[in-house]
Amino acid sequence: FVRADVPPTLLITGDRERELLGRYEENAYFYHMMKVAGHSDIQLYELDGYGHGMTEPAFPLLLEFVSEKSKQAQQ
């Protein structure tokens, strides 16, 4: 799955001290490998103070990301 020609990607994790063990690190590694592969449209968020159930603060980030990418695709 690590390659340059994938759609825009948004990674959201909870706080690395409260999230499932290794979850943030897995996402950070994936983010880094995607950058190395040449994928430029990837973002990583770590939501401080939240664990795995961080849906409420994550939804606005997701909606903003999808809205922004949809607008870009229409141009």
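These are my notebook entries on one protein chain and what I looked up in it.

**Ground rules**

I'm working from a predicted model, so local features need pLDDT of at least 70 and side-chain atom pairs count only at pLDDT 80 or more, while totals for chains, interfaces and linings use all residues. Residues are numbered from 1 along each chain as its sequence is written, and side-chain values use heavy atoms, with hydrogens and water left out.

**Entry 1: layout**

I started with the secondary structure and found two helices and two strands. Reading from the N terminus, I get the order β-α-β-α. Helices here are DSSP runs of H or I with at least four residues, strands are runs of E with at least two, and both are numbered from the N terminus. I then looked up the extent of the C-alpha trace, which spans about 40 × 25 × 15 Å along its principal axes.

**Entry 2: surface and burial**

How much of the chain is buried? I noted 29% of the 75 residues. Buried means under 20% relative accessible area, exposed means over 50%, and partly exposed is in between, with a 1.4 Å probe and protein chains only. The accessible surface comes to about 5,300 Å², and carbon and sulfur atoms hold 55% of that. Accessible areas are from the Shrake-Rupley method with a 1.4 Å probe, and for residues only the protein chains shown count as cover.

For contacts (heavy atoms within 4.5 Å), I looked at pairs with a separation of 6 or more: residues 24 or more positions apart account for 69% of them.

**Entry 3: a nonpolar patch**

I found a nonpolar surface patch of about 270 Å² made by Phe59, Leu62 and Val66. Patches take residues with over 30% relative accessible area and no salt bridge, joining like charges within 9 Å and nonpolar side chains (Val, Leu, Ile, Met, Phe, Trp, Tyr) within 5 Å. Val66 sits in helix α2, residues 55-74. I have Val66 down as partly exposed because its relative accessibility is 43%.

**Entry 4: charges and salt bridges**

I counted up the charged side chains: 7 are positive and 12 negative, with the centres of the two sets 5 Å apart. Lys and Arg count as positive, Asp and Glu as negative, and His and the chain ends are not counted. Each charge is placed at NZ of Lys, CZ of Arg, CG of Asp or CD of Glu.

The structure holds five salt bridges, a salt bridge being a side-chain nitrogen of Lys or Arg within 4 Å of a carboxyl oxygen of Asp or Glu. One of them pairs Arg3 with Asp5 at 2.6 Å, N to O. Arg3 is partly exposed at 41% relative accessibility, whereas Asp5 is exposed at 58%.

Another joins Lys69 and Asp41 at 2.9 Å, N to O. What does that pair tie together? Lys69 lies in helix α2 and Asp41 in the loop between α1 and β2, so the bridge links parts that are 28 residues apart in sequence. Lys69 is buried, with a relative accessible area of 14%, while Asp41 is partly exposed at 23%.

Lys69 also forms a salt bridge with Glu68, the closest N and O atoms being 3.5 Å apart. Glu68 comes out partly exposed at 34% relative accessibility. I therefore logged Asp41, Glu68 and Lys69 as a network of salt bridges.

Is Asn27 buried or exposed? Asn27 is buried, with a relative accessible area of 16%. I placed Asn27 in helix α1, residues 23-37. Leaving out residues up to four places away in sequence, Asn27 touches Leu11, Thr13 and Leu44.

Met33 is in helix α1 too, and I have Met33 as partly exposed at 27% relative accessibility. I checked Met33 against Leu44: the two are eleven residues apart in sequence and 12 Å apart in space, C-alpha to C-alpha.

**Entry 5: a loop glycine**

Last, I looked up Gly51, which is in the loop between β2 (42-47) and α2. Gly51 counts as buried because its relative accessible area is 18%. Which residues does Gly51 touch, not counting those up to four places away in sequence? I listed Gly14, Arg18 and Glu19. I also took the C-alpha separation of Gly51 and Lys35, which is 26 Å for residues 16 apart along the chain.
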